[in-house]
Amino acid sequence: MTASWKQLPINILLILATCRHISSKTVGPTPMPLAPVTPLPTYTRSVVLTGENKFENVELLSPVNLSLECIWNGNQNKQANITGYWRKDGEEVEDSRVSVDWESQMYSLKQVFSIVNEENLGNYTCVFENEAELIFILAAPQIGEIRDKPIVSYVGDFVVLTCKMEENKPIPKTWNWYKHNGTDKEQLSEESHRYFFTSKERKTKLKVKNVSEADSGVYYCGAVYAISTSMSHVELKVITIWEPLKPFLSILVEVVILVTAILIYERSHSKKKEAEANGPNADPKNTQPQGEDNGAEESTSVRQRKA
């Protein structure tokens, strides 16, 4: 009996330790499995360089692993090997210098670039011994239609601005509109109840109601792709109804001034002639009124008849 009581505290401690061990395994949330990372697709562009310089446009819609290859036929020297390297926007790509061998009547320089966002776009140049280079221009599809002349509207009217992609270009995911505020592009919203957007596939329209002179400026339309947004611009000029009449009013004022000057000159010249004719050296007989001359002639005739 005494031995059993002695073993009781030990058994209780064992039971508590076992319970604590079990609960420590079950407490806490179950970790979620990590989502699998989808690898980027690989796109290859290979171009043959026949002269010393060449440009190649590469349109991208979404992030890719881009494999660029330059093939050069060489010059008259045909060295066994030359140095080739890559530049990104004018700066040499780190660790890109390699020795390129003359094989199969050509030099071949190849590099894979990860293009994941807009910052990775730009000009990629492969250079062969500073004697020949090929420039790959990486960009989202560009908006080809550009309006050079501004759209003119009157105060209080409404105006519609339009942008569209060429038919052979990929359809954008969506369209955005911006207005230049003097320092940057400010995205427009329909919440102001003055801007209304209508977009369908390769075409977008912006309608501005009740325009004022403050609405004048440069507007940008943006075709949104996964890799970047392509921009185009159109200028809006808002004028008052008197603006077109200003040239005519200016001409009218000039005509009135000219006619007034001519009339003043003619009147002044006429008065000057009269003053010269009635001056102090004029003959009194010539200045005698015509009625007095006639009276004198009549009295002479009467005296002759009396005689």
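Trainee: What pattern do the disulfides of the protein follow, with bonded cysteines counted along the chain?

Mentor: They follow the pattern 1-2, 3-4. Please keep in mind that this is a predicted model, in which local features need pLDDT of at least 70 and side-chain atom pairs count only at pLDDT 80 or more, while totals for chains, interfaces and linings use all residues. Residues are numbered from 1 along each chain as its sequence is written, and side-chain values use heavy atoms, with hydrogens and water left out.

Trainee: Why is the link of Cys70 and Cys126 called a disulfide?

Mentor: The term asks for a pair of cysteine sulfur atoms within 2.5 Å. The sulfur atoms of Cys70 and Cys126 are 1.9 Å apart, so this pair qualifies. It links distant parts of the chain, with Cys70 in strand β3 and Cys126 in strand β8, 56 residues apart. Helices (H or I, at least four residues) and strands (E, at least two) are DSSP runs, numbered from the N terminus. The link of Cys70 and Cys126 is left-handed, with -105° about the S-S bond.

Trainee: How many disulfides does a search of the whole structure find?

Mentor: Two. Cys163 is joined to Cys221, S to S 2.0 Å, and therefore also meets the cut-off. Cys163 sits in strand β11 (residues 159-164) and Cys221 in strand β16 (residues 217-224), 58 residues apart. Here too the link is left-handed, with -85° about the S-S bond.

Trainee: What makes Cys126 count as buried?

Mentor: Buried means under 20% relative accessible area, exposed over 50%, and partly exposed in between (1.4 Å probe, protein chains only). Cys126 has 0% relative accessibility, so it counts as buried.

Trainee: Which residues does Cys126 touch, not counting residues up to four places away in sequence?

Mentor: Contact means heavy atoms within 4.5 Å. On that basis Cys126 touches Cys70, Tyr85, Trp86, Leu109, Ala132, Glu133, Leu134 and Phe136.

Trainee: Which residues touch the most other members in the largest nonpolar core?

Mentor: Ile115, Phe128, Phe136, Leu138 and Trp177 do, in a core of 46 residues. Strand β3 (residues 64-72) gives the most to this core, with five residues. Such a core is a set of buried Ala, Val, Leu, Ile, Met, Phe, Trp, Tyr and Cys residues joined through side-chain atoms within 4.5 Å.

Trainee: And on the surface, which residues form a nonpolar patch?

Mentor: Ile251, Val255, Val259 and Leu263 form it, with about 360 Å² of accessible area together. Patches are made of residues with over 30% relative accessible area and no salt bridge; like charges are joined within 9 Å, nonpolar side chains (Val, Leu, Ile, Met, Phe, Trp, Tyr) within 5 Å. A salt bridge is a side-chain nitrogen of Lys or Arg within 4 Å of a carboxyl oxygen of Asp or Glu. The areas come from the Shrake-Rupley method with a 1.4 Å probe, and for residues only the protein chains shown count as cover. Val259, found in helix α2 (residues 246-277), has a relative accessible area of 42%, so it is partly exposed.

Trainee: What is the phi of Asp89?

Mentor: It is near 50°, a positive value in a residue other than glycine. Most residues other than glycine have a negative phi. Asp89 lies in the loop between β4 (81-88) and β5 (91-92). Glu129, in the loop between β8 (122-128) and β9 (132-139), has a positive phi of about 55°.

Trainee: Why is Glu129 called partly exposed?

Mentor: Its relative accessible area is 31%, so it falls in the middle class. Asp89, at 45%, is therefore partly exposed too.
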